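Biologist: Can you take me through this one? I'd like to go over it in short steps.

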Amino acid sequence: MTDPWWLMLVKVLGIFLFLLLTVVLAIVIERKVVGRMQMRPGPNRVGPKGWLQSLADAIKLALKEDITPFNVDRVVYAMAPVISTVPAITAFAVIPLGPEVSIFGHRTALQLADLPIAVLFILAMSSIGVYGIILAGWSSGSAYPLLGGIRSTAQVISYEVAMGLAFASVFLYAGTMSTSGIVAAQDRVWFTFLMLPSFLVYLTAMVGETNRAPFDLPEAEGELVGGFHTEYSSLKFALFFLAEYINMTTVSAVAVTLFLGGWHAPFPFNLWPAANTGWWPVLWFTAKLWGFIFVYIWLRGTLPRLRYDQFMALGWKILIPVALSWVLLAAGIRSLRNDGYEHWQPLLAGISTLATVVLLLVLHRKFSALSGRLDERAPVVIAPPPSESTFPTPPLPQRNPSRVKEDVNG
């Protein structure tokens, strides 16, 4: 990167403001959409139709008393929210938001840092961010936060492997670990059509990585009070809240970059010659990003929380084997390309679709069989024939008709 220092500073501030604005809007939109799904109003008091509710929440958290329990490890307790928030923001530095544009007369790419190992950098940042959750649970000196931290440890080990294997299939096929190179390799066909099983694995793993419903086990309110952040309040709690939504934005941006063509225009806008030039790609990138954020909101409003054994079985028995199989297939296709076989895209798209259909059918049969076994074990209750004594309702007291006439006449 040959940008001057002031242009790098502009990019840093631009990325930070982009993330902050996305978080502010996502909180309000999530509350409104979930309220709509559950047939109740969302926030509608602060600002025009409630759109300033996030600002009011931020002011409320900043003005609340910062309570520190007596038996905490104060240094680790104070550092844990920062460890969760900073890597989430830093990982966005390698995400390309668009092609080269002119900013104050300087030609520059809409990306802060174009690293040759950007995919590994993203994995490293996501792994470091989880240390904040683990350390928060350990340093709080309480049982429920500790359980939340332990759950997060197992959760990260399980789903980080599946996410890394999904990444591996992408950069093996693209031939580069640079995010800008991966986006450039999708100028014609998006990788989601060529590697649909890897995309579905990543889509599931990114929900598990960000501790969102139905995978919000480290902070399960019904079991662990508040999970790892039970003993946090005021700005420290706000940092955990900010880290969660920034992580949502970052992993959604990674999904757009690796599987949905990055900043390339979708159909039919890609038929316009100027769709992938200038500042238009920022619009396409943002629209795809908000599509993934809506999926997060949709899942929270529709699915119940999984049991812990179901969550672990999904990661180790389904996601990791599927992702590993697709890594082997992507490596084989890459070898065929290197040997001069050019007709690989239709073949890979067909295999990807077939593998996805087979996987969905297997999962459907598995859960249908499980439901059938549960129905067989359920006791059969035969309803009694309808009669006056079906319900054990005591007889109602009979009133004197002459008394009723007196009551009516006043």
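Modeller: One term to begin with: buried means under 20% relative accessible area, exposed means over 50%, and partly exposed is in between, with a 1.4 Å probe and protein chains only. This is a predicted model, so local features need pLDDT of at least 70 and side-chain atom pairs count only at pLDDT 80 or more, while totals for chains, interfaces and linings use all residues. Residues are numbered from 1 along each chain as its sequence is written, and side-chain values use heavy atoms, without hydrogens or water.

Biologist: Fine. Is threonine 22 buried or exposed?

Modeller: Threonine 22 has 4% relative accessibility, so it counts as buried. Its place is in helix H1, where helices (H or I, at least four residues) and strands (E, at least two) are DSSP runs numbered from the N terminus.

Biologist: What does the side chain of threonine 22 reach?

Modeller: The backbone oxygen of phenylalanine 18, at 2.7 Å. That is a polar contact: a pair of N or O atoms within 3.5 Å, where within protein one must be able to donate a hydrogen and the other to accept it, and residues adjacent in sequence count only if both atoms are side-chain atoms. Leaving out residues up to four places away in sequence, threonine 22 touches Thr249, Trp290 and Ile293, with contact meaning heavy atoms within 4.5 Å.

Biologist: Which residues of H1 and H11 meet?

Modeller: On the H1 side they include Phe18, Thr22, Leu25, Ala26 and Ile29, and on the H11 side Trp290, Ile293, Phe294 and Ile297 are among them. The residues of this contact divide into 13 nonpolar, 4 polar and 2 charged. Here Ala, Val, Leu, Ile, Met, Phe, Trp, Tyr, Cys and Pro count as nonpolar, Asp, Glu, Lys and Arg as charged, and the others, Gly among them, as polar.

Biologist: At what angle do the axes of H1 and H11 cross?

Modeller: H1 (residues 5–37) and H11 (residues 280–302) cross at roughly 40°, and their axes come within 10 Å. Axes are lines fitted to C-alpha atoms, for helices over the stretch in contact, and angles run from 0 to 180 degrees between N-to-C directions. The two helices are therefore oblique to each other; under 35 degrees counts as roughly parallel, over 145 as roughly antiparallel, 65 to 115 as roughly perpendicular and the rest as oblique. H1 passes H11 in a right-handed crossing, meaning that the near helix is turned clockwise from the far one by less than a right angle, with anticlockwise being left-handed.

Biologist: And how do the axes of H3 and H4 cross?

Modeller: The axes of H3 (residues 74–90) and H4 (residues 118–139) come within 8 Å and cross at roughly 160°. That makes H3 roughly antiparallel to H4, and H3 passes H4 in a left-handed crossing. Val76, Tyr77 and Ala80 are among the H3 residues that meet H4, where the partners include Phe121, Met125 and Ile128.

Biologist: New topic. Where does glutamine 111 lie?

Modeller: In the loop between strand S2 (106–110) and H4. Glutamine 111 counts as buried because its relative accessibility is 6%. Its side chain reaches the backbone oxygen of alanine 113 at 3.1 Å and makes a polar contact with the side chain of threonine 179 at 3.2 Å.

Biologist: What is leucine 258 in contact with?

Modeller: With neighbours within four places in sequence set aside, Phe167, Val170, Ile182, Gln186 and Phe191. Leucine 258 is in helix H10 (residues 234–259) and is buried, with a relative accessible area of 3%. From leucine 258 to alanine 166, 92 residues away in sequence, the C-alpha distance is 9.7 Å.

Biologist: Now the backbone. Which peptide bond is cis?

Modeller: The one from phenylalanine 267 to proline 268, with omega near 5°. Proline 268 lies in the loop between H10 and H11.

Biologist: What is the phi of lysine 49, and of serine 234?

Modeller: Lysine 49 has a positive phi of about 55°, and for serine 234 phi is near 55°, also positive. Most residues other than glycine have a negative phi. Lysine 49 is exposed at 66% relative accessible area, in the loop between H1 and helix H2 (53–63). Serine 234, in helix H10, counts as buried at 5%.

Biologist: Last one: how many helices and strands are there in the protein?

Modeller: There are 14 helices and 2 strands. Of the 410 residues, 42% count as buried.
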